[in-house]
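User: I'm new to this one and would like to go through it bit by bit. Could you help me get my bearings?

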Amino acid sequence: MNARSMKPMLDRVRNIVPVQEPHRHKGQAGRIGVVGGSREYTGAPYFAAISALKVGADLVHVFCPKAAAPVIKSYSPELIVHPLLDEKDAILQIQPVMERLHVIIIGPGLGRDNVALHNAAELIRICRQLQKPLIIDADGLLLVSHDPTLVKDYYGAILTPNAVEFSRLFGNDRDHIMEAMAKYGQGMSVLEKGPNDRIYDTYAVERFDCPMGGSGRRCGGQGDLLAGALATFYYWARESKTEVSPTIVACFAASYLTKTCNSYAFRLKGRSMTTGDMIDQIHNVFDDIFEHRKE
């Protein structure tokens, strides 16, 4: 995809970005939820949450196990952290908050704790009942691979697998990928992460290839940045009065932003680049590519 062919898609992304006007109120640009984290993995939910916030969401809630909460709180005071995910009555406490959120991310750093996994699966079912836009990433995809009914015919769900997770979900036969996705029904979308990310729409039965980009530096956490960015773009796209394919335009925006953040950060840091350096570039990338310009 060259610059000329990208222009229509970039214009669509700019059209969904809310204009920053004085009359807008807190929460109107997006209230995002991140379900994940574990004793071992505290960075993943933080990266997803702070990325959603820095792309432009107003409020981000993190639902995590008790052991992860103090660490995530120490990373940033801007995030609202709920240390509930490994409690047996977690659902009763989380659901009232979740009902007020616009997009939910499930999976970053979730780990293998049985109680947390059970609660995450139950939250996917609740999101379906509430018709919440949902992004499932990382360890959340393990739940889906074990029980495809969690997202079968779930309109508004987006899966974001890497190469290994994609094969676990859909097999390795690239000639019949759309057929393999049929067991998940219609409505679910997939953003496959790779050298050039691919978007699969199971409702329209089509594939959209995102442009290549980034660098050879593959530090951990980049997928979490993408998931957080996707949540904010997804809310904006769904709220847009003109966008007819909110899933595709949001996935494209998150993919392009993530790869461009990688390029910007790599120019500055090279081999020492980390995902934190990429997050520091979100403002510059957004300002250069997606921000509204006065005529």
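User: Leaving aside neighbours within four places in sequence, which residues is K193 in contact with?

Analyst: Please keep in mind that this is a predicted model. With neighbours within four places in sequence left aside, K193 is in contact with D137, T160, P161, N162, A163, G223 and L226. K193 itself is found in the loop between β7 (189-192) and β8 (198-201).

User: Is K193 buried or exposed there?

Analyst: K193 counts as buried, because its relative accessibility is 18% and the cut-off for buried is under 20%.

User: What does the side chain of K193 pair with?

Analyst: The side chains of K193 and D137 are joined by a polar contact of 3.1 Å.

User: Switching to H61, where does it sit, and what does it touch?

Analyst: H61 is placed in strand β2, which covers residues 59-64. Not counting residues up to four places away in sequence, H61 touches I32, G33, V34, I80, H82, V97 and L101. With H82 there is also a polar contact of 2.8 Å between the two side chains. At 9% relative accessibility, H61 counts as buried.

User: I32 is on that list, so how far is it from H61?

Analyst: The two residues are 29 places apart along the chain, and their C-alpha atoms are separated by 6.3 Å. I32 is found in strand β1 (residues 31-35), and at 0% relative accessibility I32 counts as buried. Among the residues that I32 touches, once those up to four places away in sequence are not counted, are A52, A57, L59, V60, L101, V103, A231 and T232.

User: Now the helices. How much of α6 is buried?

Analyst: In α6, 7 of the 8 residues are buried, so this helix is largely enclosed by the rest of the structure. The buried ones are D139, G140, L141, L142, L143, V144 and S145.

User: What do those buried residues of α6 pack against?

Analyst: They pack against β4 (103-106), α5, β5, β6 and α7 (163-170). L143 counts as buried at 13% relative accessibility.

User: How far is L143 from L123, and from M6?

Analyst: L143 and L123 are 20 residues apart along the chain, with their C-alpha atoms separated by 12 Å. M6 and L143 are 137 residues apart in sequence, and C-alpha to C-alpha they are 35 Å apart in space. M6 lies in helix α1 (residues 3-16) and, at 9% relative accessibility, counts as buried.

User: Which residues of α10 and α12 meet?

Analyst: From α10, Y256, L257, T260, C261 and Y264 meet I282, N284, V285, F286, D288 and I289 of α12. The residues of this contact divide into 8 nonpolar, 2 polar and 1 charged.

User: And at what angle do those two helices pack?

Analyst: Helix α10 (residues 246-269) and helix α12 (residues 282-289) pack at an angle of about 120°, and their axes are 9 Å apart. The crossing in which α10 passes α12 is right-handed.

User: What about the backbone, what is the phi of Q131 and of D153?

Analyst: Phi of Q131 is near 55°, which is a positive value in a residue other than glycine, and D153 has a positive phi of about 55° although it is not a glycine. Q131 is placed in the loop between α5 (114-130) and β5 (134-136), while D153 is found in the loop between α6 (139-146) and β6 (157-159). Q131 is exposed, with a relative accessible area of 65%, whereas D153 counts as partly exposed at 39% relative accessibility.

User: Last one: what feature does UniProt place at residues 9-289?

Analyst: The UniProt record, an unreviewed entry, places the feature "domain: YjeF C-terminal" at those residues. Over residues 9-289 the chain is 47% helix and 13% strand, and the end C-alpha atoms are 12 Å apart.

Technical notes: Residues numbered from 1 in each chain as written. Predicted model: local features only at pLDDT ≥ 70, side-chain atom pairs only at ≥ 80, totals over all residues. Heavy atoms only, no water. UniProt positions renumbered as here; feature names shortened; annotations may be inferred. Helix = DSSP H or I, 4+ residues; strand = E, 2+ residues; numbered from the N terminus. Axes fitted to C-alpha atoms, helices over the stretch in contact; angles between N-to-C directions. Left-handed = near helix turned anticlockwise from the far one by under 90°. Contact = heavy atoms within 4.5 Å. Nonpolar A, V, L, I, M, F, W, Y, C, P; charged D, E, K, R; others polar. Buried < 20%, exposed > 50% of the residue type's maximum accessible area, 1.4 Å probe, protein only. Polar contact = N/O pair within 3.5 Å; in protein donor to acceptor, adjacent residues only side chain to side chain.
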